[in-house]
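Please look over the sequence and the model first, and then read the notes grouped below.

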Amino acid sequence: MSHEPTPSWQLVETGPMSSWSDYVLQRAQLTMKGKDFLGEKLGLTGMEISINAMPPGQSVPFAHSHKQNEELYLFLTGKGQMLLDNQVIDIGPGTAVRITPPVLRCWRNTGTEPLTCIVIQAKAGALEQATVKDGVVGKEPPRWP
Ligand code: ZN
């Protein structure tokens, strides 16, 4: 059995946010415009991330929940609403919404420009440490070539 070297980092160019609406996601019987998942392209092992751009007047045509993953929606541009079970919240640039797995969620664009967001999902309760508890400062100062 041979082992391929595992790259220690990956890079994906998603293009400017203004081009995100050109993405077309094709998965099983689901076709969604303005959405792309980056997890596989980046080789992520502990989270999934998607980039999203929804045109004005549109809504995700279904509500969904998750089996084990919590989600973070970080809205970047535009104006809209999220439906979380039976509650409606207003969203806009800078709105960050964390949603536990069983909550039925949907979102729509109520504004006049694309509603863009980044969605990160990870197994709820899996994070053991972060920031200063997990970060290790290098012994030497950065050496930019
Ligand atoms: Zn989801």
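The side chains of His-66 and His-64 are joined by a polar contact of 3.2 Å, a term that stands for N or O atoms within 3.5 Å, where within protein one must be able to donate a hydrogen and the other to accept it, and where residues adjacent in sequence count only if both atoms are side-chain atoms. This is a predicted model, in which local features need pLDDT of at least 70 and side-chain atom pairs count only at pLDDT 80 or more, while totals for chains, interfaces and linings use all residues. Residues are numbered from 1 along each chain as its sequence is written, and side-chain values use heavy atoms, with hydrogens and water left out.

**Around His-66**
- A second polar contact of His-66, at 3.0 Å, is made with the side chain of Glu-71.
- His-66 counts as buried, because its relative accessibility is 19% (buried is under 20% relative accessible area, exposed over 50% and partly exposed in between, with a 1.4 Å probe and protein chains only).

**Aromatic cluster**
- Tyr-73, Phe-75 and Trp-107 form one aromatic cluster, and rings of Phe, Tyr and Trp (its six-membered ring) pair if their centres lie within 6.5 Å, with planes under 30 degrees apart counted as stacked, over 60 as edge-to-face and the rest as tilted.
- The structure holds two aromatic pairs; Tyr-73 and Phe-75 are stacked, because their ring centres are 6.3 Å apart and their planes at 15°.
- Tyr-73 and Trp-107 have ring centres 5.0 Å apart and planes at 65°, so this pair is edge-to-face.
- Tyr-73 is buried at 0% relative accessibility, Phe-75 is buried at 1%, and Trp-107 is buried with a relative accessible area of 6%.
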